[in-house]
Amino acid sequence: MRQADEHAGRDHGRSGQSMESRDEELARLRGENGRLRKAEKEWEIEREILRRAAAYFAAPVSEGGATHRSPLS
């Protein structure tokens, strides 16, 4: 396993990387993870809006062949 890690560039502490820089990287990655989770929630809302819009416009028109729909009706 050590050989595979070394081949992939992961040296498990022997590369001179201090614990402080690892902690900094961990903090950076946690912050990035938080930003990505927030963005994912926003994308879920956008997808739901688009899903509802697609369903609305895909539904058959039942008002005597009218091609324009009012969002209030």
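Modeller: Let us begin with E25 and R28, which sit three residues apart in helix 2 (residues 19–58), so about one helical turn separates them. Helices here are DSSP runs of H or I with at least four residues, strands are runs of E with at least two, and both are numbered from the N terminus. This is a predicted model, where local features need pLDDT of at least 70 and side-chain atom pairs count only at pLDDT 80 or more, while totals for chains, interfaces and linings use all residues. Residues are numbered from 1 along each chain as its sequence is written, and side-chain values use heavy atoms, leaving out hydrogens and water.

Biologist: How far apart are the closest N and O atoms in the salt bridge of E25 with R28?

Modeller: A salt bridge needs a side-chain nitrogen of Lys or Arg within 4 Å of a carboxyl oxygen of Asp or Glu. E25 and R28 form one, and their closest N and O atoms are separated by 3.9 Å.

Biologist: Is E25 buried or exposed, or in between?

Modeller: Buried means under 20% relative accessible area, exposed means over 50%, and partly exposed is in between (1.4 Å probe, protein chains only). R28 has 46% and is partly exposed. E25 has a relative accessible area of 36%, so the word for E25 is partly exposed.

Biologist: Which residues do the salt bridges that share partners join into one network?

Modeller: R28 also forms a salt bridge with E32, with 3.6 Å between the closest N and O atoms. R28 and E32 are four residues apart in helix 2, so they too are separated by about one helical turn. Elsewhere in helix 2, E48 and R52 lie four residues apart, about one turn of the helix. The network joined through shared partners consists of E25, R28 and E32.

Biologist: What is the distance between the closest N and O atoms of E48 and R52?

Modeller: E48 is partly exposed at 27% relative accessibility, while R52 is exposed at 56%. The two form a salt bridge, and the closest N and O atoms are apart by 2.8 Å.

Biologist: Why is the pair of Y56 and F57 given the name it has?

Modeller: Rings of Phe, Tyr and Trp (its six-membered ring) pair if their centres lie within 6.5 Å; planes under 30 degrees apart are stacked, over 60 edge-to-face, and the rest tilted. The count by this rule is one aromatic pair. The ring centres of Y56 and F57 are 4.9 Å apart and the planes meet at 85°, so the pair is edge-to-face.

Biologist: What share of the 73 residues in the chain is buried?

Modeller: Looking at the whole chain, there are two helices and zero strands. Buried residues make up 3%.
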